[in-house]
Amino acid sequence: MAVGNTGWHALWAHQARMSTSATTLKDMFAQDPQRAASMTKRCGPVSVDFSKHLADQESIDALLTLAHEHNLPDAIRSMFDGKAVNNTEHRPALHVALRGHSPALLPELAGMVTSTLEKIAVFVDQVQSGAWKGFSQQRITAVVNIGIGGSDLGPAMVTAALRPFHYPDLRCYFVSNVDPAHIRSVLKDLQPDKTLFIIASKTFTTLETLSNANLAKAWYLSEGGSEQDIHRHFVAVSSNVSAAENFGIRPENIFPMWDWVGGRYSLWSAIGLSIALATSMPVFKQLLAGAAEADSHFLHTPLGNNIPVIMGLLAVWYRNFWHCESQVVLPYAQDLHLLPAFLQQLEMESLGKSVDREGQALAHRSGTVIWGSAGTNGQHSFHQLLHQGTTMIPADFIAVASCHNPQDLKQHQQLLSNCLAQSRALMLGKSFDEALEENIRKGVEPGPARQLAHHRQVPGNRPSSTFILQALNAHSLGILLAFYEHKVFVQSVIWNLNAFDQWGVEIGKQLSEPMFEALCGDKLAASALDQSSQHIIQHIHAISGTLKLS
């Protein structure tokens with residue numbers, strides 16, 4: 001933790017000057033006719049316009065100074081080289097190795113990654129060609145991925161995003177919630193002899209995943225399947241081979257997971273098996289290639305033109321110097337509707353920390369609340385808060401230049417116009433005088449016009465980035481997702497925290513077991529609970545008759 005160095009002080013002073021002088025985005029554009037061009041950065045088919053941010057050259061220079069004072073270039077190289085950047089678990093974080101960047105310290109990983117991709121390719125071909133058959137000798141027509149967290153959010157999001165590229169003879173479903181209503185709602189329309197389940201769990205012990213896997217297995221057996229044919233309908237992505245085998249999955253149908261890939265970074269691994277099945281192996285490889293292009297950009301591009309670096313530094317700028325507590329993600333593409341949920345896990349699980357890498361309390365704020373939804377839906381709900389609320393919330397607008405169906409071009413242009421108008425409205429706002437003039441033009445009497453103008457004025461000067469993808473395909477999506485991964489790493493370096501552990505997740509898991517025992521009627525377990533939990537359990541039993549399980 002080094003909040004006393006030059007970069008931090010320069011940024012505090014600079015932010016104070018900007019606030020005191022009431023510097024506006026309109027002023028910045030007026031002073032620099034080339035601002036939009038100079039602050040738009042590109043990587044392949046993805047461009048990012050950073051010009052609508054409360055940052056001038058002095059801001060950017062101070063942020064870059066901060067980055068160098070925290071040795072960001074060395075930290076980036078350390079991650080790519082395979083050093084133990086996950087210091088609490090004493091291991092590297094090598095999701096980049098899944099995309100072809102083999103670490104210098106661990107050259108053997110390249111062969112492991114290649115062999116796994118080859119195994120996935122063979123399996124996908126078997127299923128999609130119909131060579132893989134269910135117990136009735138029918139081809140597989142439905143794939144159900146059972147996982148949670150990174151074993152669900154990533155592949156579910158990517159599969160939805162790549163909808164136009166889906167393989168026509170397969171439908172892919174995702175089940176995560178331990179609430180049996182989730183898996184029951186999926187199973188009710190499926191045929192057991194034509195359904196393939198992927199059990200995605202690194203440890204093969206995750207409560208939610210195993211509960212749903214066992215329910216799926218019971219459904220399969222009750223609907224005509226047999227124990228001897230389980231291998232035709234269940235495969236696994238796990239590091240716990242023995243547990244998967246005990247479930248009934250054959251060793252050759254178990255795809256590997258490694259400790260050097262965290263769950264929220266795992267969609268590029270065999271966890272992406274469902275993506276490849278839902279689309280094709282070439283599409284999955286295009287996704288990896290896009291991420292690899294973003295990796296090269298992050299590793300080799302100077303910090304001032306480095307998109308993930310700028311993203312991360314701006315996030316620090318708003319969190320620590322403008323006291324912003326949340327950031328909204330607004331994909332103006334319906335197929336990206338799961339992206340905000342995916343980024344919630346990526347950022348909030350990675351950066352939701354209160355101690356630094358040495359275990360000392362942070363002296364500054366870390367992490368922001370990530371939220372959002374697909375445009376234009378949000379415009380008719382929470383955009384009111386973005387425009388006229390009392391809190392400044394930086395926004396990421398994500399738009400796709402081309403549409404998949406040419407006949408939809410005009411409606412797609414309506415979508416794009418809304419996206420661009422929203423970012424412009426956040427920047428410009430509407431002054432009292434402008435609102436007053438509008439009211440008078442509409443024939444409102446002067447007195448009521450002035451009163452109404454107070455309600456119609458919009459402060460503006462609210463920052464946003466605009467991401468433009470040439471097309472929503474696997475390559476562009478890979479770039480975009482890798483950008484956000486690397487943005488998180490940049491923030492973690494500046495805040496000196498470990499972005500790759502998640503110890504806060506463990507406490508809920510630990511406490512759920514005695515709670516479950518108490519709900520099942522274990523009086524000893526119940527007696528050890530707090531008063532509130534005991535009272536709630538008693539109330540649940542009273543209103544439901546009983547929740548005791550046999």
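Predicted model: local features only at pLDDT ≥ 70, side-chain atom pairs only at ≥ 80, totals over all residues.
Residues are numbered from 1 along each chain as its sequence is written, and side-chain values use heavy atoms, with hydrogens and water left out.

**Nonpolar cores**
- The largest nonpolar core holds 119 residues; a core here is a set of buried Ala, Val, Leu, Ile, Met, Phe, Trp, Tyr and Cys residues joined through side-chain atoms within 4.5 Å, with buried meaning under 20% relative accessible area (1.4 Å probe, protein chains only).
- Helix α19 (residues 474–495) gives this core its largest share, 14 residues; helices are DSSP runs of H or I, at least four residues, and strands are runs of E, at least two, numbered from the N terminus.
- Another core, of 24 residues, lies apart from it and includes Ile146 and Phe204.
- Leu273 is among the residues with the most contacts inside the largest core.
- Beyond neighbours within four places in sequence, Leu273 is in contact (heavy atoms within 4.5 Å) with residues including Ile120, Phe123 and Phe255.

**The sheet**
- Six strands form an open, mixed sheet in the order β1-β2-β11-β10-β8-β9; two strands pair if DSSP finds at least two bridges between them.
- The edge strands, each pairing on one side only, are β1 (40–43) and β9 (369–372).
- Strands β10 (residues 395–400) and β11 (residues 464–469) run parallel, joined by 6 bridges.
- Asp396 sits opposite Ser465 in β11.

Technical notes. Buried < 20%, exposed > 50% of the residue type's maximum accessible area, 1.4 Å probe, protein only.
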